[in-house]
Structures are given as C-alpha cells and as structure tokens.
Amino acid sequence: MFTRILIANRGEIAVRLIRAAREMGIETVAVFSQADAESLHVHLADQAVCIGPPPAAQSYLNISAIISAAEVANVDAIHPGYGFLAENAHFAEVCRDCNIEFIGPSVEAMNLLGDKVKCKQLAIKQKVPVAPGSKGQVEDSGEALTIARDIGYPVIVKAAAGGGGRGMRVAHNDIALQSAVKQAMLEAGATFGNPAVYLEKFIERARHVEVQIIGDQQGNVLHLFERDCTMQRRHQKLIEESPCPVLTNEQRAELCKSAVRLCKAAGYYSAGTVEFLMDTKSNKFFLMEVNTRLQVEHPVTEMITDIDLVKAQFRVAAGEPLGLTQRQIKRNGHAIEVRINAEDPANNFAPSPGTIERFNAPGGPGVRLDTHCIAGYRVPPNYDSMIAKMIVHRPTRDDAIATVRRALAEFVIEPIKTTIPLHDRLMRNGNFVRGEVDIYFVERLLEK
Ligand code: MV4
C-alpha cells in the first residue's frame, strides 16, 4: 500500500479523501490556493503545500505546481478527486512519466472513454444500447441532414470532446440543424481543440440513471448498482438517490450488465460511472457517456452497498485485486443525497460566498454529512459553490425522504444563502415523492 499520497483537490472531497487515507494508515499531503489557507483539508492533512493564487487555473489546475509539490513531498500517488484535473488524461500521463501513481483509470481508458464518439462506437460493438444517430463523427451539415431525415426530428448535436452538457445543440428542422452543426463544430474546436461532433435522436422526456463501476488492474469489473440523478438544474445535479425509484429489477440487471461490459471492453480500472438516459415514454435506455472519475454523488452508492469507494480506489491503484465477486455486492435500503450550495435559490441561484457565522450540522440516525465547513469558515468566491452534501440512508424511500426533511430542518448555515430551502420544497413536492419527474422537472417548476 502507499505510504504517502497527495490530494489534488479542495473542499469536501479533499476532506473525504484524507479521512479514507488516515483510516488506512496512508499519510496525506494537501495542496491549497491562497484562498484556502484556512480550509479544513489543510488542517486535516499531515502536510500542506500552497500551490498558487486563488484562480483555479493558477492553483488546482496548475499541473507543474502540483507535480512539484508531489516531488518535494515524495508521494507515491495523487488522487485528483472530482472536477479540476480528475478527467485530464494529460495530467494522468504526466503523473505516470514522473513515476507517481494517478489514482484513477489508465491514460488509455481516459482517452478512449473521454472521446464520446469512440466511446459510443465501443458501446455499439458491446451491444450497449445507444440512441439512434450517426455511426461516428458527422463530417458536415449535409451528412447531418441525411441522418436527421432518417431518424426524425428533434435531433441533438454533441461534441465528441464535450460532456456534462457542454457543446450540445438541439435542432427541430433542417435549417436549424445546418447552423447547429456548423456552430457546434466551431465551438468544439475553440473550446476543446477537437471539432468532431456527432448526431443523436433527441430524447424529449428522460431520466438520468447512472451505474457505478469499480475495476481492478487484474481485469475484474464489478457494478455497484445505479443512481438516479434526474433532479438537476442547468446540468448541476441537485438530488441523487439509489435505487432509481422507477426501475424494475430486470431493467436494473440489464443496465448494470451493459455498464460492466462497456468498462471491461475499455480495460477500465478504478471507480467510474456509466451514464444513461431513460426515455420515460418508451422505458428504454441509451448510453450518454462514461465519467472516468469518482463522482460527487458516490456516497449514495457507499450507503446502499456498504463499500467504501475511496478505499477501493486506493487499493486498486496500488495494484491490489478487488477480492470481491458480483454476488457479494448487495443492495440495502434507500439513500438520498442533497447538494447544499452557497447560492440563493430565491435570486436565480446567485453565488453567495462569505463567512459562515453559524453552522449547525444535522445528525442523528441515518444522516451522513460530507463537508469542509465549520462556523467561522469563509466560503471563497473562486470555486464551485457546493459546500456540503447531506446523505441519508433509510430502509425505504419514504423513510429516507422523511429523514431528509427532518435533517434539513435541523441544518443551520448563516448568514450566507444556501439551497437548503429549495431542497425542503423539493422533498415536499408530490411529483418528486411519486417519482414522476424528468431531467427538466426542476427548471419547469422554478419557471412558474
Ligand atoms: C441527450 C439528451 C437527450 N437526448 N441525448 C446532457 C449531458 C450530456 N451527458 C448529455 N446530455 C443530454 N443528452 C439525447 N440523445 C438530453 C441531455 C440532457 C441532460 C441529460 C441528463 C441530465 C440533464 C440533462 C439536461 C439537458 C440535456
């Protein structure tokens, strides 16, 4: 096992990673920007190194500064967390060249799955369901028109290098499609340095259902069931839960098996997530993309499987086999995560950074809180606004919703604005409670 690792991240995930390392007897080196000198991850780590000024481009995205810190501290490995450098294959390659283990999948798997066209082609080969559309990259708007007439409108143009909602355009007719393709290619070239785009039938009413995967370097790939992340706003997830409230056991088995097939074919190891769209009209599934990182919502899966995904990542990165079979992984109860952001839901989600004067954490049976916040902590304006994740684990979904509501009522964060009131509203919403939502549900609700 590793002696010492560097945590190339901040906030709650840096704290989460340090906790897992400490329990495994692994020393930790935190890195921090000048905006985070007083942050909890700096205090909890065995050592901490300042890597630059507040802007992420000069600190948490600064590969040379992070590698220098890793070299000076003589670490065996780097965990990138999520966001920042977590899905940057170039960073993983630099780590490899410096003889530092990147705690994540191989550079090859990141490059393969990070290209959505290559990923979709592999999925087709592995008989993983995909949305009707182009076989691969679309070369020009003429080709796009031919395909659109075949599959029918509406269609969606996606960037091969995009993902997470970046670089997508919906078109409802020939005229709109021609400009969508041209615009998408220009934008993809400028933003990602890769102008390749592809075309799909646009699924109009969908849920977001994703499968958690864990693989080892011996070629074993297991799934840890699904998470439903349908409750989102502008590509920011708000609530995640497992199991998906509308999935049959047959659908679940099918979905999880296809995710495993895809990851096996990609030579995947470490934690990963295969994202699907579930068409709520036809009840069919389509692959969206594969996230080659630990995700924000991983605790939901940890609660229902009792498997620590971060510890599993450490073991697998060190070359240990998973030592588990699929049948040993059992699902238990229902877990719900709500993301608490320093934003004002009453004012179009305007960021609300500043000093937290009162912080009363919820607790009691079934409540887990992953956060780096304490009373007196100043939320800097420079980064993602998520400041806490509250995860509830209960025998049934109804029990879990009741516990979320009870725990939200205990949760005090003052004077900054947070998304706590929004979550309270959503937990009381009849459509959410009945599982009658789609990916645009929150946006429609807030429009009214
Ligand atoms: C789609 C889609 C509808 N039809 N693909 C958004 C993120 C990226 N992973 C792919 N996304 C979508 N792909 C087809 N063929 C709708 C979305 C989408 C979406 C998906 C999941 C959660 C929220 C979303 C919000 C807008 C669009």
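Which residue places a polar side-chain atom 2.7 Å from a nitrogen atom of the ligand? Select glutamate 289 to see that atom.

This is a predicted model, in which local features need pLDDT of at least 70 and side-chain atom pairs count only at pLDDT 80 or more, while totals for chains, interfaces and linings use all residues. Residues are numbered from 1 along each chain as its sequence is written, and side-chain values use heavy atoms, with hydrogens and water left out.

**Stop 1: the ligand**

Stay at the ligand. 18 residues surround the ligand; a residue is near a molecule or strand if one of its heavy atoms lies within 4 Å of it. The closest are Lys158, Glu200, Lys201, Ile203 and Glu289. Pick lysine 158: a polar side-chain atom there lies 2.9 Å from a ligand nitrogen. Then pick isoleucine 203. Here a backbone N or O atom lies 2.8 Å from a nitrogen atom of the ligand.

**Stop 2: the second largest pocket**

Now select Pro132, Lys201, Phe202, Ile203, Glu204, Arg205, Asp279, Lys281 and Phe286. These residues line the second largest pocket. The space in this pocket is about 160 Å³. On a 1 Å grid over the protein atoms alone, a pocket is an open set of points where a 1.4 Å probe fits, with protein on both sides within 12 Å along at least five of seven lines; lining residues have an atom within 4 Å of a point. Grid points are joined across faces, edges and corners, and the volume is the space filled by probe spheres set on the points.

What classes of residue make up the lining? There are four nonpolar, no polar and five charged residues. Ala, Val, Leu, Ile, Met, Phe, Trp, Tyr, Cys and Pro count as nonpolar, Asp, Glu, Lys and Arg as charged, and the others, Gly among them, as polar.

**Stop 3: aspartate 279**

Keep Asp279 from the pocket lining selected. Aspartate 279 sits in strand β12. Helices (H or I, at least four residues) and strands (E, at least two) are DSSP runs, numbered from the N terminus. Aspartate 279 is buried, at 14% relative accessibility. Buried means under 20% relative accessible area, exposed over 50%, and partly exposed in between (1.4 Å probe, protein chains only).

Its side chain reaches the backbone nitrogen of lysine 281 at 2.9 Å. That is a polar contact: a pair of N or O atoms within 3.5 Å; within protein, one must be able to donate a hydrogen and the other to accept it, and residues adjacent in sequence count only if both atoms are side-chain atoms. Aspartate 279 also touches Ile203, Arg205, Lys284 and Phe286, leaving aside residues up to four places away in sequence. Contact means heavy atoms within 4.5 Å.

At residue 270 of strand β12 (residues 270–279), stop at serine 270. Serine 270 has a positive phi near 80 degrees and is buried, with 1% relative accessible area.

**Stop 4: helix α6**

Select residues 116–125 for helix α6. Which of its residues are buried? Lys116, Val117, Cys119, Lys120, Leu122 and Ala123 are. Their cover includes α5 (107–114), β6 (155–163), β8 (197–201), α9 (249–265) and β13 (285–291). At the N-terminal end, aspartate 115 is the cap, with a side-chain oxygen 3.0 Å from the backbone nitrogen of valine 117. Just after α6, lysine 127 has a positive phi of about 60 degrees.

**Stop 5: two cis prolines**

Most residues other than glycine have a negative phi, and most peptide bonds are trans. Go to the bond from tyrosine 153 to proline 154: this bond is cis, with omega near -5 degrees. Proline 154 lies in the loop between α7 (141–151) and β6. Next, take the bond from serine 242 to proline 243, which is cis with omega near 0 degrees. Proline 243 is in the loop between β11 (236–242) and α9.

**Stop 6: around helix α10**

Select glutamate 302, in helix α10 (residues 298–305). Is glutamate 302 buried or exposed? Glutamate 302 is buried, at 6% relative accessible area. Its side chain makes a polar contact with the side chain of arginine 368 (3.0 Å).

Move to aspartate 306, in the loop between α10 and α11. Aspartate 306 is exposed, at 73% relative accessible area, and has a positive phi of about 60 degrees.

Finish at isoleucine 329, in the loop between α11 (309–317) and β14 (334–341). Isoleucine 329 is buried, at 5% relative accessible area. Its C-alpha lies 8.8 Å from that of aspartate 306, 23 residues apart in sequence. Among its contacts beyond four places in sequence are Leu222, Phe225 and Ile307.
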